[in-house]
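Hi,

Here is the structure I promised to pass on. Have a look first, and my notes follow below.

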Amino acid sequence: MKIINIKKIVGVLVMLSLTFMVFASAPKLAANTPVTPNNTKQEFRAAWASHLIGSMPAYTSESQFKARATEILDILEYYNFNAIIMHLRTHNNAYYVSELSPKAAAFANVNFNTFDPMLWFIEETHKRGMEFHGWLNPYRLGTNYVGTMPAENPASNPANILSYNGASILNPGLPHVRDFVSDTIVEILERYPVDAIHFDDYFYINLGANGSTSGSNNILNEPDQQTFVTYGSGYNTSSAPSKADWRRHQVNLMVESVSNTIKNFNQANNTHVQFGISPTGIYKNGNGVVTYDGNIPITSGSDTGGQTHYSSYLFADSVKWATEGWIDYLLPQSYWANSHPIASYNKIMTWWNDVFKYLDVNLYSGIGIYMADGTGNTYGWQTNNNEMKNQLEFIKGLENVQGSSVYSYNFVDSAYKGSSAKSATQMQNAKSTWGDIAVLPELKSMAQIMPGKVTNLKHVNGTLSFNKAVDAKQYYVYRSKTALNFTNAEIVEVIRSSDNIINYQTGDLNNEYTYAVRALSYSNTLGDAVTILNPANDTRLNVVEGASIRTAPNETNQSLRFYAQFDDVLGQTEQGFYIVEGDVSLAELKSRVNVETTIQFSINGQSVVKVPVNDVDNTGKFTTVIKDITPADFSKLYTVFGYYKKGGVITLSNNKTTRSVLEVAYKMTYADQATPRIETYTNQLKLFGEDAFGQLRVTDKYETNHIELAKAFLKDWNTKFGLSLTQIDLESFYSSAVYGKVASNNSLSGSRIYEFFKDQTLNLKWGWLLDYIESVDSKIWPSRQIVALKGNGTNPEYSNIYEGRHFITSLIGFFNGTHAYDGFPTNDFTDVTMYDNLADFVDSILAKPTAYQYVYIGDEVKLPIQSNSNFSHYLMNGQIYHEGDTLIIGDNLVIKLVFD
């Protein structure tokens, strides 16, 4: 152990007996410990795109098409999507070379002899390691095509068409229509290397009776009755329920035929094209219970009340398709908000998750972001800015749901381009759930293909190269400055290439990273990793994250202890630490350590001290202490690197750790591990860092993140009342809050919301919340109800205080950053300025330690560099500031980020 004063280098080893509180993580695994790379979450992330809805304009030129397609792929890649579902056939037309269907009107100017747009689009999609799913409507007809209808197309004969109220489809009950659909699939597969054939929710349409099987106007009166009579052998052609069964069977026959067509093509051509269908979100309405007969789900349907695709007028038995193994994935259009009263997202996807428990078919979820911009009541899509984020996080916790697709790409595009629409807010708030690249999910329906390992993996002069692996569809490149854990966060590139030798430009000229490559097969099976430890990284030495401080009483100054850990015996002749007053990068220090002739030097004006350490314990751990840190320097940052010397060469640790006395003291206080003396260090502490809205803040040590406050409030709420609520929303929390209220209109007495704030302990912790909401209230009634909550449950000036509704919905809005409007006036917390003065009220709940700087009033901090190229400047109290400017810490402050 080496004890130093950072200002005075002590040249001898001094052994001290000190009492320290350790606030550090455990040492890392030894480098030669086998690590099974099994913690990568594989996830499907897609968006539907179509000329029909304006995702792409009508084709005018090759350059125009390429520019837009490239832009689409760029934007999908920005959000870390790994698939696109692109319309190839909308209304019995073709966005591809076809002898069976007429050219789509949007492709009127395409000359397929000189340029095939969709073939190019597919190839470009694959270059980015993304899947291209060809979206087709099997039956739907329209007039949006050019040229004449080929005689081979059933639509050339009116006898093959069913129509009602301006809508038309090919008659699903005709055998030659089914054959035509399969022939269409083959025509596509023979020319276009799509990863999947994808159908949406259009099967039967409303042909006059809206799917009814009872009453005078039922499906027996619809125009396919003669088809039923002709091909309805074994069915009662006078029974509407029997006709409903027959229609489902006709769709089943088509789905089975397409399935067999694709499987036969795959077998003949050694391809692995998937077949996926996206029906409407509700199969049947039932009690939501799923049981099993062996592996087969038995259910009356989801706990819902909306339109179903099993009956209604669609007559699509999606559960049968899955149980029969006819499809590779199902993607129900589960578009509704979780707060929808009869079609709750969580209920629907929980039911689907249960249905697929034992099925060898992938399950994804359709995300209806378009509803955020709807004109009707779409519930949480309009009132909860985190609806999309919550849905994506919810399905991550469902065992049998492997991903999602967003309807539609248009809303992804507009969010990227800075739209002010609610859908854009939803996208931006949900972006963190796609923060890392995700590996495509393994296909349960296909025989597993275990890909081989790449060979000859090298990293030289910023180029990673390797030889291709057997049975590889594409490759995932991982990198880390420390030992790889094979998480999504470590994936830096996806490469789809059939080249024998594959190169990837890392830009890592200083060899700061360890790299690994894993192949993905055509069954989307992730192979074993091949890892290259660059000589500069293969140190097997790591600094243990964190530091500790002294807990002995009655001493004014402090000390910081840091630790390092060898993971192997290296035969080094020296080891120790480099200690920096401030912070420098590994690359900056690495460039200096073998050229410096003194033990003390500076980098960017920051003092660096080399501190050799003699003692290494039998576990490979060694330590150093920075002592005599005065209270004036408690907020000063110290950055520590480990090093060892072998053969006259100094090699640094893979990592570093940066701490201050104040940060360690605060984290100990937050974890309830601090002594009274340590707690006093944090009395005047200020936090500087990013808030939940991407702004910078200077605050006291109390929590101002409404999401973290919601978690703490919900925990106290559930503990107080013996409940297990999972979120604070209109659907569940409001009824919970008013439960037990006395019958009188002028009193909140007896209600849980009243009892919560009257609880002495809880009021000490949460009483500030009443004052805060009162301070931002612009709707009057919440403040009137707060009077009742602070008093005896009544407001003497009003005979009716409406169950506290306006306050409760304001509370819901506050915790969710939403406008929890339920028909009565409530404060709109989508306006982030509502939170500007929150720090002036919170006085009891410590902020969760995150990426803060822990400082005192009067300390100086630098305004950080922003990675967004559109960033313009900071705005504080009407004054403009720029990146790198010095901020002197003072009172609580909100620092706005302004973008061009």
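To start with a question: is N877 buried or exposed? It is exposed, as its relative accessible area is 70%. The cut-offs here are under 20% relative accessible area for buried and over 50% for exposed, with partly exposed in between (1.4 Å probe, protein chains only).

Before the rest, some housekeeping. This is a predicted model, where local features need pLDDT of at least 70 and side-chain atom pairs count only at pLDDT 80 or more, while totals for chains, interfaces and linings use all residues. Residues are numbered from 1 along each chain as its sequence is written, and side-chain values use heavy atoms, with hydrogens and water left out.

**Overall**

The chain has 20 helices and 41 strands. These are DSSP runs numbered from the N terminus (H or I over at least four residues for helices, E over at least two for strands). Of the 900 residues, 55% are buried. The C-alpha atoms fill a box of roughly 100 × 80 × 55 Å along the principal axes.

As background, most residues other than glycine have a negative phi, and most peptide bonds are trans. N877 is not a glycine, yet its phi is positive, at about 50°. You'll find N877 in the loop between strand 38 (871–876) and strand 39 (879–881). E803 also isn't a glycine and has a positive phi, of about 65°. E803 belongs to the loop between helix 19 (781–790) and helix 20 (805–816), and is partly exposed, with a relative accessible area of 32%.

There is also a cis peptide bond between Y407 and S408, with omega at about 5°. S408 sits in the loop that runs between strand 17 (403–406) and helix 10 (409–416).

**Strands and a helix**

Strand 18 pairs with strand 19 (residues 463–467) in the antiparallel sense over four bridges, and H459 has L464 in strand 19 as its bridge partner. Two strands count as paired if DSSP finds at least two bridges between them.

Then there is a hairpin made by strand 32 and strand 33, with two residues between them; G647 in the turn has a positive phi of about 60°. Strand 32 (residues 638–646) and strand 33 are antiparallel and share eight bridges, and T639 is partnered by T658 in strand 33. Nine of the eleven residues of strand 33 (residues 649–659) are buried, so the rest of the structure largely encloses it.

Helix 7 (residues 345–355) is likewise largely enclosed, because eight of its eleven residues are buried. Among them are W351, W352 and M349.

**Cavities**

How many cavities of 30 Å³ or more does a search of the whole structure find? It finds two. A cavity here is a set of points, on a 1 Å grid over the protein atoms alone, where a 1.4 Å probe fits but cannot get out; lining residues have an atom within 4 Å of a point. Grid points are joined across faces, edges and corners, and a volume is the space filled by probe spheres set on the points.

The largest cavity has a volume of about 60 Å³. Its lining includes K41, E43, T433 and W434, and helix 9 (residues 387–396) gives the largest share, three residues. The lining divides into four nonpolar, three polar and three charged residues (Ala, Val, Leu, Ile, Met, Phe, Trp, Tyr, Cys and Pro count as nonpolar, Asp, Glu, Lys and Arg as charged, and the others, Gly among them, as polar).

The second largest cavity also comes to about 60 Å³. R697, Y702, A847 and Y852 are among its lining residues, and strand 34 contributes the most, with four residues. This lining splits into five nonpolar, three polar and three charged residues.

Cheers

Note on methods:
On a 1 Å grid over the protein atoms alone, a cavity is a set of points where a 1.4 Å probe fits but cannot get out, and a pocket is an open set with protein on both sides within 12 Å along at least five of seven lines; lining residues have an atom within 4 Å of a point.
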